[in-house]
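Here is a friendly walk through one structure. Have your viewer ready and follow along.

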Amino acid sequence: MASLSEEVLLVVKKVRQKKQDGTLYLMAERIAWGPEGKDRFTVSHLYADIRCQKISPDGKAKVQLQLVLHTGENITFHFANESTAVKDRDAAKELLQQLLPKFKKKANKELEEKNRMLQEDPVLFQLYKDLVVSQVISAEEFWANRLGGVNNTDQALYNNNKQEVGISGAFLADIRPQTDGCNGLRYNLTADIIESIFRTYPAVKQKYCENVPHNLTEKEFWTRFFQSHYFHRDRLNTGTQDIFSECAKQDEKGLKSMVIQGVKNPLLNLLALDDNTLDEGYGVCSPQPSTSVANRTVKESSNSAIIKRFNHHSAMVLAAGSRKGETLNDQGSETSSTDGNSRDSDCFHPPVKKAKLQEATEYDDLQGENRPKTVPLNLKKSDRYAHGPVPLQSHQYTTSQDIINSVNYIHHEMSNYKPNLTQVMSSTAASSAIAALSPGGILMQGGAPQAIHQMIPTDIQGELKHLYVAAGELLRHYWSCFPVNTPFLEEKLTGHLEEMLQAAYNKFHAWQTRRMMRKT
Amino acid sequence: MWTFTEDTKKISRGGGISGSCFGKFFPAAIMASDTDVSLLVIVVDVNPIWWGQQAHREPEFTLAKCLDAVMVLGNSHLAMTRSNKLAVIASHCQDSYFLYPTKKSADNGGDESSSGDGKYELLSATNNQMAEEIREILSKTEVRGNSTDTLLAASLAKALCYIHRVSKELEVGQEMKSRILVIKAAEDCALQYMNFMNGIFAAQKQNILIDACVLASDSGLLQQACDITGGLYLKLPQKVALAQYLLWVFLADSEQRSQLVLPPTAHVDYRAACFCHRNLIEIGYVCSVCLSIFCTFSPICTTCETAFKIQLRQMVKPKKKKLKQQM
């Protein structure tokens with residue numbers, strides 16, 4: 001009972017329950033109380049079972065906390081520590097207040113789910129009424145298979161119905177500063193843009209969380225943001241006193257780490273790409289080794305700064321898009337991925353690299369064929385197929401004399417054959433044929449059988465349908481027990497299911513006799 | 001150059017005149033999409049041995065009468081709609097022959113002697129051709145003892161091939177519905193089972209109806225064929241009134257049949273016969289390699305000699321062990 005592997009959230013000593021001293025433990029999923037000195041809990045309740053908690057009013061001498069369970073039971077804890085009773089009680093109450101809603105939702109959610117399912121599907125509802133209400137199947141068995149499957153799909157339906165919206169790469173450009181008339185600029189910030197900025201540049205979000213609302217108002221924060229050189233394209237001087245200078249430094253670091261990690265695709269060599277050509281159509285020439293900063297012109301360095309900025313921005317947007325579902329409160333992972341690319345490169349460890357190489361070097365249709373082994377067919381008695389699975393029929397033998405006679409006769413008859421279509425049959429023959437073919441004639445005896453659903457009234461049909469569906473459900477339980485490889489299934493089959501089937505049969509029998517009596 | 005041909009109201013064009021100038025000379029109503037073709041292929045069983053014997057059994061209904069009735073049906077079918085097509089195949093013991101259309105009709109063109117009674121020329125040409133062909137075929141019949149069965153499966157295959165060929169020769173936009181009517185006289189031949197079933201399934205795939213009009217003994221194969229393809233099976237109570245039955249039951253095509261009150265379909269016995277005893281069984285064992293059916297379990301399939309392993313229930317295990325020891 002006292003499983004020490006559970007996480008204990010709060011321990012309160014000197015709590016009395018039913019006039020006994022003891023200790024109150026609040027665990028991750030349940031609340032428990034054990035008497036003084038003993039190791040086990042005498043009282044233990046899951047949070048899911050607790051409907052609500054009550055506390056004794058402040059003026060009272062006894063400091064108490066009462067738990068009301070769903071079943072209606074009340075459990076009272078008396079905090080007997082003289083000095084800290086109220087504090088203890090309040091601490092327990094606060095914790096419970098936080099925990100109970102979580103579990104409450106779960107319990108309710110299930111009930112809600114069940115109710116919803118029953119309401120939406122009338123067939124299911126009827127099945128439920130037939131089987132559970134009339135005590136043929138227990139409610140848990142009924143819901144056993146249904147809830148699990150449906151829950152998963154439902155979650156997928158309802159919760160994740162909305163796709164994650166990606167970040168527009170142009171969100172910064174969308175801000176579109178407009179001149180204010182008197183030498184100022186207006187920046188229009190919408191909630192979307194703010195969200196995009198936070199998702200793409202977690203560093204900015206960090207700054208926001210740090211400073212707003214303690215140090216700056218939101219408006220001030222954004223004003224500073226736009227004023228800072230961090231935002232503007234030419235981040236030449238980063239030495240100013242700016243809350244965003246740190247962000248800029250972080251960005252630099254991120255960019256450097258991205259470059260160091262590089263792209264792990266073995267078939268792609270980014271370094272070989274170059275823009276310098278010898279001439280139109282003459283290919284690439286490697287540039288002069290003039291990478292030292294001093295040699296660069298001012299224009300080149302500002303160009304490279306812009307390009308660096310763009311690359312960084314794109315990388316951050318992509319990284320933010322691939323960081324799905326992750327809460328940005330998670331500080332630990334955030335700082336490690338400010339460069340954004342670390343997540344991608346994590347995926348590219350050796351197995352993926354190998355797969356890519358294999359993909360590029362091997363052709364599937366040139367490989368040897370791996371067809372599954374089949375048994376060769378060698379028929380010993382293939383003449384059986386000539387007649388196939390038809391029963392032996394009595395064969396009428398004709399003597400050769402008969403054959404000769406018949407053929408001669410036909411020769412004779414048909415040698416002068418002339419179609420005589422006006423005398424093809426007599427009117428009596430025709431009228432007898434018509435009589436045979438009219439309704440009631442000898443050929444029409446089979447009836448177009450009256451469809452059974454026209455002969456039986458709809459309410460009986462409905463009842464029969466319900467019984468049939470219920471029987472089908474029972475059969476499903478029966479068949480789900482096979483193959484019988486656990487003693488539980490065996491027991492279920494021989495004991496439990498037999499009862500169910502018997503009960504169902506009795507029900508059907510009762511219905512049948514009722515119907516038959518009604519008829520007579 | 002525009003020429004009209006008798007048997008089909010198709011306008012054949014010569015030279016390189018494209019269809020676009022078609023509309024200039026003729027009203028749009030004649031365009032191909034208006035005419036959906038309905039093709040009826042009649043397979044007549046002309047087994048001379050059976051018909052020769054039949055002449056002795058029932059002199060008032062002979063092969064001549066049967067062919068007359070078939071011609072009546074053929075003429076009616078052609079007269080129903082201008083775009084209807086007809087083909088007649090005679091199913092003999094030695095071969096199956098096309099009675100209509102034949103190669104000669106394609107060659108001759110409009111050389112037929114017109115009938116004296118003012119009949120629609122297409123019909124009279126058809127009848128004359130059929131009569132000529134059957135006379136020729138039956139006069140060439142030789143006596144052979146080994147093949148006395150009608151080659152119905154072969155005729156069915158020929159019919160399917162003909163339908164397929166005609167469907168390829170349609171105009172763009174024309175649709176064709178086809179059906180095969182089998183008029184069967186002699187008994188079933190068990191040796192044709194496989195070919196027959198293949199033909200039936202081919203017809204089913206092509207949405208071709210197979211109807212059957214059986215004169216004497218019931219045919220299980222044709223019952224299956226009608227059931228599978230959705231056609232009608234009729235065993236005549238009176239042979240003499242064959243023409244009436246044909247016109248009443250088999251003249252309408254599948255769409256029109258839903259509006260008519262026709263004889264109900266009988267229950268078809270689909271039970272298979274086991275390969276070992278040729279008895280009809282309802283539950284049996286099937287070899288997974290050669291698909292032969294057995295009524296009792298044997299550890300080796302007698303057709304393909306595959307060894308089977310069946311795991312018996314645990315309670316039987318001790319017995320099995322004993323057997324193994326003995327072996």
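The report below goes through the model's basis, sheets, helices, interface and backbone exceptions.

## Basis of the model

This is a predicted model, in which local features need pLDDT of at least 70 and side-chain atom pairs count only at pLDDT 80 or more, while totals for chains, interfaces and linings use all residues. Residues are numbered from 1 along each chain as its sequence is written, chains are lettered from A and ligands numbered from 1 in the order in which they are written, and side-chain values use heavy atoms, with hydrogens and water left out.

## The sheet of chain A

Chain A has an open sheet of seven strands in the order 4-3-2-1-7-6-5, with antiparallel pairing. Strands here are DSSP runs of E with at least two residues, helices are runs of H or I with at least four, and both are numbered from the N terminus. Two strands count as paired if DSSP finds at least two bridges between them. Strand 4 (43–46) and strand 5 (50–55) of chain A each have a single partner strand, so one side of each has no neighbour in the sheet. From one strand to the next, the twist averages 30°; angles run from 0 to 180 degrees between N-to-C directions, with axes as lines fitted to C-alpha atoms, for helices over the stretch in contact.

A:Gln64 has A:His78 in strand 7 of chain A as its bridge partner.

## The sheet of chain B

Chain B has an open sheet of six strands with mixed pairing, in the order 5-4-3-6-7-8. At its edges are strand 5 (96–100) and strand 8 (233–235) of chain B, each pairing on one side only. Neighbouring strands of this sheet are turned by 20° against each other on average, direction ignored.

Within chain B, strand 3 (residues 37–45) and strand 4 (residues 84–91) pair in the parallel sense over eight bridges. B:Val43 stands opposite B:Ile89 in strand 4 of chain B.

## Helices in chain A

Helix 5 (residues 202–211) and helix 6 (residues 218–227) of chain A pack at an angle of about 140°, their axes 11 Å apart. The contact (heavy atoms within 4.5 Å) involves A:Val204, A:Lys207 and A:Tyr208 from helix 5 of chain A and A:Glu218, A:Phe221, A:Trp222 and A:Phe225 from helix 6 of chain A.

In chain A, A:Arg476 and A:Glu473 form a salt bridge at 2.8 Å, N to O. The rule asks for a side-chain nitrogen of Lys or Arg within 4 Å of a carboxyl oxygen of Asp or Glu. The two residues are three apart in helix 16 (residues 458–480) of chain A, and so are separated by about one helical turn.

## Where the chains meet

How much area do chain A and chain B bury between them? The value is about 5100 Å², 69% of it on carbon and sulfur atoms; buried area is the accessible area (1.4 Å probe) that two parts lose on being put together, summed over both. The contact takes 47 residues from chain A and 65 residues from chain B.

A:Arg384, A:Pro389 and A:Tyr417 supply 14% of the area that chain A buries against chain B, more than any other three residues.

## Backbone exceptions

Most residues other than glycine have a negative phi, and most peptide bonds are trans. A:Lys14, found in strand 1 (residues 8–17) of chain A, has a positive phi of about 60°. B:Tyr100 and B:Pro101 are joined by a cis peptide bond, with omega about -15°. B:Pro101 lies in the loop between strand 5 and helix 4 (103–108) of chain B.
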